[in-house]
Amino acid sequence: MDSLNVPVPGRIRRVAADRRPELAVFDSVREDPSLVCKRFERPPGKRALATVLAGTPAFEARVTAIDFFAEPTSGPAPVLYLTVESPGLYDLHGRLVERFGAVSGLEGDDYVPHVTLARGGAVADAERLAGPIESVTWTVPRLLAWNAEHRVPEREIPLPA
């Protein structure tokens, strides 16, 4: 499934890397952290996407804690992740859902912005690692249109769009 992603800055990658030893108890550890803004069941046309993104300014995002999904919508459980707070991201997600629809169980009211750290294993390990962390705030200067089939970004979209 294609998506529109927020690039994860080096500071957030370091937060994830610093926890790598603790993540060894999980079945898989995310090597390349990502932050999904919107998934697309069918890729949107460039013009349609550009229309929704027009005027979207750069916005702030902040990682504040580690949390987990005990029962994710799909894939191995639990999913351990960094929480992301961002009114700008929620606003953008809402506009994209309004135009392109929501992927059931993942978007709209169910949307939880996060950076996955690890999956699979014991819920007790996720519970042990969950909690507040030193917050990291950054400005989102661009978005990435992601091609899921080839697992690569198709293009960067600078903000303001």
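Contact here means heavy atoms within 4.5 Å. The model is predicted: local features need pLDDT of at least 70, side-chain atom pairs count only at pLDDT 80 or more, and totals for chains, interfaces and linings use all residues. Residues are numbered from 1 along each chain as its sequence is written, and side-chain values use heavy atoms, with hydrogens and water left out.

Start with two helices. Helices are DSSP runs of H or I with at least four residues, strands are runs of E with at least two, and numbering goes from the N terminus. Helix α3 spans residues 46-53 and helix α4 spans residues 87-100; their axes come within 10 Å and cross at roughly 140°. Axes are lines fitted to C-alpha atoms, for helices over the stretch in contact, and angles run from 0 to 180 degrees between N-to-C directions. Under 35 degrees counts as roughly parallel, over 145 as roughly antiparallel, 65 to 115 as roughly perpendicular, and the rest as oblique. α3 and α4 are therefore oblique to each other.

Which residues meet? From α3 come Ala48, Leu49, Val52 and Leu53; from α4 come Leu92, Arg95, Leu96, Arg99 and Phe100. The residues of this contact divide into 7 nonpolar, no polar and 2 charged. Nonpolar covers Ala, Val, Leu, Ile, Met, Phe, Trp, Tyr, Cys and Pro; charged covers Asp, Glu, Lys and Arg; the others, Gly among them, are polar.

Stay on α4, where Val97 lies. Val97 is buried, with a relative accessible area of 18%. Buried means under 20%, exposed over 50%, and partly exposed in between (1.4 Å probe, protein chains only). Not counting residues up to four places away in sequence, Val97 touches Lys38, Ala102, Glu107 and Gly108. Lys38 is 59 residues from Val97 along the chain, yet their C-alpha atoms are separated by 7.5 Å.

Now the aromatic rings. The whole structure holds 3 aromatic pairs. Rings of Phe, Tyr and Trp (its six-membered ring) pair if their centres lie within 6.5 Å; planes under 30 degrees apart are stacked, over 60 edge-to-face, and the rest tilted. Tyr90 and Tyr111 form an edge-to-face pair, 5.8 Å centre to centre with 80° between the planes. Tyr90 sits in helix α4 and Tyr111 in the loop between α4 and β6 (114-119), 21 residues apart. Tyr90 is partly exposed at 42% relative accessible area, whereas Tyr111 is buried at 5%.

Asp125 counts as buried at 19% relative accessibility. Leaving aside neighbours within four places in sequence, Asp125 is in contact with Val25 and Phe26.
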